[in-house]
Amino acid sequence: MTALPQVSRRLRAAVIGLWGHEVYAHQVVGHPVIDLAVVSGFPGMPAEMRERLRAWARDTGAVYEDDHETALERHRPDVCVIMVPPRR
């Protein structure tokens, strides 16, 4: 197993969307040098997906923002994970 690089501070992360890719989002939450700062949706996202994001943000202690641009501007994350719908 490769050792993690040393970091001088924890990194703040944003997760935009989930779309069934929760396994990746949970890796962000469980990462030893990352704090999940904000979760957001993006234009055209269905209401039920936004509600899932809101609930997940609440469960992880992150802030929820409806709009990804607001999330990025307001919370200024170091890392951003964007999860889009799978191709059909």
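This is a predicted model: local features need pLDDT of at least 70, side-chain atom pairs count only at pLDDT 80 or more; totals for chains, interfaces and linings use all residues.
Begin with strand 1, which covers residues 11-16. Strand 1 pairs with strand 2, residues 34-40, in the parallel sense, and 6 bridges link the two. To find this pairing in the structure, look for Ala13, which stands opposite Leu36 in strand 2. Strand 1 also runs parallel to strand 4, residues 79-82, and is joined to strand 4 by 4 bridges.

Now turn to helix 3, which consists of residues 68-75. The N-terminal end of helix 3 is capped by Asp67. A side-chain oxygen of Asp67 lies 3.0 Å from the backbone nitrogen of Glu69. Just after helix 3 comes Arg76, which takes a positive phi of about 45°.

His75 belongs to helix 3. Is His75 buried or exposed? Its relative accessible area is 15%, so His75 counts as buried, because the cut-off for buried is under 20%.

What does His75 touch, leaving aside its neighbours within four places in sequence? His75 is in contact with Arg12, Val38, Val63, Glu65 and Thr70. Of these residues, Arg12 falls within residues 11-16 of strand 1 and Val38 within residues 34-40 of strand 2. With Glu65 there is also a polar contact: the side chains of His75 and Glu65 are joined at 3.0 Å.

Technical notes. Residues are numbered from 1 along each chain as its sequence is written. Side-chain values use heavy atoms; hydrogens and water are left out. Buried means under 20% relative accessible area, exposed over 50%, partly exposed in between (1.4 Å probe, protein chains only). A polar contact is a pair of N or O atoms within 3.5 Å; within protein, one must be able to donate a hydrogen and the other to accept it, and residues adjacent in sequence count only if both atoms are side-chain atoms. Contact means heavy atoms within 4.5 Å. Two strands pair if DSSP finds at least two bridges between them.
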